[in-house]
Amino acid sequence: MRVLLIGANGYLGRFVADRLLADPAVQLTALGRGDDSDVRFDLASGSPGALTRFLDAVHPGVVINCAGATRGGARELTRHNTVAVATVCEALRRSGCGARLVQLGCGAEYGPSQPGSSTAEDAVPRPGGPYGVSKLAATELVLGSGLDAVVLRVFSPAGPGTPAGSPLGRLAEAMRRAMQAGDGELKLGGLGVQRDFVDVRDVARAVHAASLSAAQGVVNIGSGRAVRLRDAAAVLARVAGYGGALHELDQVPMRATIGHPRSESEHGMPTAYPYPDGCGSWQQADVRTARDRLGWRPRINLEESLADIWMEAACRI
């Protein structure tokens, strides 16, 4: 099976590439902006015609799009998350390869949900920020393209490679600094948010399964369980061997920080949102569709994911 992987150098793309390379039946070609890609191509600025010519030359059976941006203003997010996907869809429509498209979406497309509820694929999306809006627009482009396509809505990925600027990454960094300084207590903010964490290696397994399946439409990829960030911090302290006390700072709603033991004025930095995804205080995926249509279930628990995050944080100088 010839597979074209777009965004192989990104956080999720690296693990998808590893998973596909482990399958001897897969012939993988990586397309991206980096020098280590098999083919250099910028979806946000490249033309559908140029991508069509490449598709006709390689003739993949599956195209997997892991490319995108999670940070930036509305214009930048639209360019990388929406315009780029429009380019992929148009190129596939023009091409004679007839490839199946696996698009990585995100849980932020749904927006805020009722605490205690599980969000299924038939929920009406109401994204609460520009990132979710840009990803939802991409999903609608894929679903309306007429292509053989599936969109995997990935909730909150965790595990090795977690960006240091993410909530779990900042949490691990704050704990590392506290241990390095010998601090007996760690003050953290924004710990009341609850998210559905899913390990990146389980996400890669889901992408692999989707590329082999006939599933179409939207499929949620998550653990099916919301975890409070406060509880994740306690697990991280245990795996890190941090014996100090964890204190949650009193926060003004929606202006909480994570991992800043001193005041805003002492840092000289503006307060950051703990989860700038527009999803409010709660998010939990209903993952029954992934089980029924992909034969997929998450295998890696959050403690293992956090242990890997800590291993990388502890190695930073």
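This briefing describes the nonpolar cores, the strands and a few selected residues of the structure above. The model is predicted. Its largest nonpolar core has 34 residues, and helix α6, which spans residues 200–212, gives the most to this core. Among the strands, β7, β9 and β11 form an open sheet with mixed pairing, while strand β5 is mostly covered.

**Nonpolar cores**

- Within the largest nonpolar core, which counts 34 residues, the residues with the most contacts inside it are I64, L152, I221 and L294, and helix α6 supplies 7 residues to this core.
- Apart from this core lies another one, made up of 29 residues, among them A84, A99, L101 and V151.
- L294, when its neighbours within four places in sequence are left aside, is in contact with L152, A206, A209, A210, S213, A215, V219, I221 and T289.

**Residue D202 in helix α6**

- D202 has its place in helix α6, and with a relative accessible area of 1% this residue is buried, because buried means under 20%.
- Not counting residues up to four places away in sequence, D202 touches W296, P298, R299 and I300.

**The open sheet β7-β9-β11**

- The 3 strands of this open sheet follow the order β7-β9-β11, and the pairing is mixed.
- Because β7 (156–158) and β11 (226–228) stand at the edges and each has a single partner strand, one side of each is left without a neighbour in the sheet.
- Neighbouring strands of this sheet are turned against each other by 55° on average, with direction ignored.
- Strand β9, which covers residues 194–199, pairs with β7 in the parallel sense over 3 bridges, and A158 stands opposite D199 in β9.

- Strand β5, running over residues 100–106, has 7 of its 7 residues buried.
- Both faces of β5 are covered, with R100, V102, L104 and C106 buried on one side and L101, Q103 and G105 buried on the other.
- Strand β4, consisting of residues 62–65, runs parallel to β5 and is joined to β5 by 4 bridges, and V62 stands opposite R100 in β5.

**Aromatic rings**

- A search of the whole structure finds 1 aromatic pair.
- R153 lies over the face of Y110, at 4.6 Å from the ring centre.

Definitions and conventions. Residues numbered from 1 in each chain as written. Predicted model: local features only at pLDDT ≥ 70, side-chain atom pairs only at ≥ 80, totals over all residues. Heavy atoms only, no water. Phe/Tyr/Trp six-rings, centres within 6.5 Å; stacked < 30°, edge-to-face > 60°. Lys NZ or Arg CZ within 6 Å of the ring centre and 35° of its normal. Core = buried A, V, L, I, M, F, W, Y, C linked by side-chain atoms within 4.5 Å. Buried < 20%, exposed > 50% of the residue type's maximum accessible area, 1.4 Å probe, protein only. Helix = DSSP H or I, 4+ residues; strand = E, 2+ residues; numbered from the N terminus. Contact = heavy atoms within 4.5 Å. Pairing = 2+ DSSP bridges. Axes fitted to C-alpha atoms, helices over the stretch in contact; angles between N-to-C directions.
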